[in-house]
Amino acid sequence: MPIITLTTDWNANDYYLGAIKGKIFSQCPDAVIVDISHQIQPFNIHQAAFILRNTFSNFPVGTIHIIGVNTEGGHDRPFLIIRYENHYFIGTDNGIFGLLFSVEPEMILSIKTKEKIPGFSGISVLTDTACKLFNGVQPESLGTSIKSYKKRIPIRAAIDESVINGSVIYIDSYKNAITNISRELFDRVGKNRPFEIFVRSNHYMIDKINNFYHETSPGEILAIFNSIGLLEIAMNMGNVAELLDLSVNSSIRVKFREE
Amino acid sequence: MPIITLTTDWNANDYYLGAIKGKIFSQCPDAVIVDISHQIQPFNIHQAAFILRNTFSNFPVGTIHIIGVNTEGGHDRPFLIIRYENHYFIGTDNGIFGLLFSVEPEMILSIKTKEKIPGFSGISVLTDTACKLFNGVQPESLGTSIKSYKKRIPIRAAIDESVINGSVIYIDSYKNAITNISRELFDRVGKNRPFEIFVRSNHYMIDKINNFYHETSPGEILAIFNSIGLLEIAMNMGNVAELLDLSVNSSIRVKFREE
Amino acid sequence: MPIITLTTDWNANDYYLGAIKGKIFSQCPDAVIVDISHQIQPFNIHQAAFILRNTFSNFPVGTIHIIGVNTEGGHDRPFLIIRYENHYFIGTDNGIFGLLFSVEPEMILSIKTKEKIPGFSGISVLTDTACKLFNGVQPESLGTSIKSYKKRIPIRAAIDESVINGSVIYIDSYKNAITNISRELFDRVGKNRPFEIFVRSNHYMIDKINNFYHETSPGEILAIFNSIGLLEIAMNMGNVAELLDLSVNSSIRVKFREE
């Protein structure tokens, strides 16, 4: 029995969340609904994409992921069903899908809807579609195959022979700063050379990578590749983002020793 | 198998929530528990009633809704089971039921309890009752039929021939301001006449109703009938409540052209 | 079918929570996952222990409790499986278990892991272990029996013949201040003598214990033994912690009349 996950910007002190769960249980009473997050900042498709991108593959294949962020649809913004790595994603074509996937999806369907879907009523389209998939309806019967979706380009790190110019893309629960510098990129450019990591231009410098947070004393700045393989500027049991005034887009530069 | 929903003012960083879920699963292991909200402001029965009123009918009939807001009971404040539109509501007779229902419920039972239910222990009454209903016990055997509950009158919009004097009753996740002016009232008084909506006396004026939020440019004030049929003062991708200093009870007046 | 509960400091606006739930459902699709709290302050094992201690026994025996607070493990901080009152607790040996249990557990196992468990990857150890227990694997096959875990001593109230010197150990959702003075201790020292409770040295005094919050008018300070048997300094429908500037560790002294 597939799982239905929810990633939304409907804060838990609102009535939208109860409404969508009620709608799902009314149409597919056996659904297992999993809350991924309901604390996406309003309309922030970048945050929603980051969370879902780093979460979805932990679920069993066949899981149905509803994206309830900036959902308002219309003729120029259809609701889509996308199959990617055998997971289903249902949401509005507002640019989020371009941030979510690394390669082309296996299937993109534009959901057939009435001409006008006013206001928040779009959630019924999402829940109806999710429950039909859950109940075994063939996806192809729910929409028209299309070639692509709105593309948004995530900000990537820029490189030259001995430098990676990256940036912070996420501040996590512990106020650690996750960057867009992957371990793969670091290894490829660095070729095992000694390095210095500069945080916010030249304000702070780190010259080693930790294996564990607790290798470094509480309160000291450290760098670590986290569980999703991205370089993280962190502090063991401290709040590095506040102390170093780091936020999304802050500059993180890695300089390797010239050969 | 019925669903049990929870609407409480026990914030998620407290131990009450885990306790109530544990109690439910101990008594009815097959329960599907759905969190409607645990972010009701302490004792705010108006907020709880607004959320549950606009949520419950999305669930299947037979759903059991536990209300954990201002629950302390006693001789003058019995715990009630109410059947309304074939849903069950269990809570303390603290005035919330008067805000929750539009017409008389089908059944009102006062739950039999020991003389004294000290402090927070009242939640056991709620969970015991919910699980007995869940397990198929006849509601009539759980309490004594009574005629009514404490009434609280929600603030309604006042009308004359060409004016509706309403007010903000809720600020949602997107900081849009939901009013007590329904589409039905608007159409009945307005009879398709041109109109002006005045936000906070005469500070801001709107003279059209949107079908979609995104018809209006981001940052511009707009009016729309939302998914629950209430007039909403909103901003596409903006925070109208903060910008216009709107809060619950702020005045919203609609003036139709005199005939 | 056992339940798996989660108590973590991974705020709900992060991707860790979705990841752990996905991992669980991938390995034990029939799991019922219950969120106890995801709003533990980062690394605050005292808060996590307080919540779980006062929650777990409401669940059916056999429930598996995952503790996701300060989880980073290593050679000096093994991951443990502990059976206590026929519940299972899985977490890192970071001191929390000493705060969680009143008597010696029935079983303590140190989980066998690879030499290095870098960074956040430790959650896989927790979820793998929980799912193996869920799927019926014998706990003894998952780890090595050990004698003890890291002890942390919770701050206890000090007593002499006529005085209890206690302190605030928790501020709840309603901003009431829960103390470390149990009803049992109060009765044992007090022997039914008249008393005065001094809040923050001599700033505020209370000389009775309520049975109900609402016995006292809104806005007045009161004392009550709460549902977990601890003395609570509270205010009916008010915010006592803010008004009296109470926080964790604030002094609460009970003085009984000398005989």
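Me: A salt bridge is a side-chain nitrogen of Lys or Arg within 4 Å of a carboxyl oxygen of Asp or Glu. How many salt bridges are there between chain A and chain C?

Reply: The count between chain A and chain C is zero salt bridges. Across the interface of chain B and chain A the rule also finds zero. Before we go on, this is a predicted model, where local features need pLDDT of at least 70, side-chain atom pairs count only at pLDDT 80 or more, and totals for chains, interfaces and linings use all residues. Residues are numbered from 1 along each chain as its sequence is written, chains are lettered from A and ligands numbered from 1 in the order in which they are written, and side-chain values use heavy atoms, with hydrogens and water left out.

Me: What makes chain A and chain C count as being in contact?

Reply: Contact means heavy atoms within 4.5 Å. By that rule, 28 residues from chain A and 27 residues from chain C take part. The area buried between chain A and chain C is about 2500 Å², with carbon and sulfur atoms giving 56%; buried area is the accessible area (1.4 Å probe) that two parts lose on being put together, summed over both.

Me: Which elements give two or more residues to the side of chain A that touches chain C?

Reply: They are β2 (32-37) and α2 (45-53) of chain A, and β2(A) gives the most, with five residues. Helices (H or I, at least four residues) and strands (E, at least two) are DSSP runs, numbered from the N terminus.

Me: And how many residues of chain B are in contact with chain A?

Reply: 28 residues of chain B are in contact with 27 residues of chain A. Here the buried area is about 2500 Å², and carbon and sulfur atoms give 55% of it.

Me: Why is the pair A:F186 and A:F195 called edge-to-face?

Reply: Rings of Phe, Tyr and Trp (its six-membered ring) pair if their centres lie within 6.5 Å; planes under 30 degrees apart count as stacked, over 60 as edge-to-face and the rest as tilted. The centres of A:F186 and A:F195 are 5.1 Å apart and their planes are at 85°, so this pair is edge-to-face. In chain C, the rings of C:F186 and C:F195 have centres 5.1 Å apart and planes at 80°, so that pair is edge-to-face too. Over all chains, the count comes to 51 aromatic pairs.

Me: How do you know whether A:F186 is buried or exposed?

Reply: Buried means under 20% relative accessible area, exposed over 50%, partly exposed in between (1.4 Å probe, protein chains only). A:F186 has 7% relative accessibility, so A:F186 counts as buried. A:F195 has 15%, so A:F195 counts as buried as well. Both C:F186 and C:F195 are buried.

Me: What is remarked on in the phi of C:N86?

Reply: Most residues other than glycine have a negative phi, and most peptide bonds are trans. Phi of C:N86 is near 65°, a positive value in a residue other than glycine. C:N86 lies in the loop between β4 (79-84) and β5 (87-92) of chain C. At 43% relative accessibility, C:N86 counts as partly exposed.

Me: Why is C:D245 called exposed?

Reply: C:D245 has 54% relative accessibility, so C:D245 counts as exposed. C:D245 is found in the loop between α6 (240-243) and β15 (251-256) of chain C. Although C:D245 is not a glycine, its phi is positive, about 55°.
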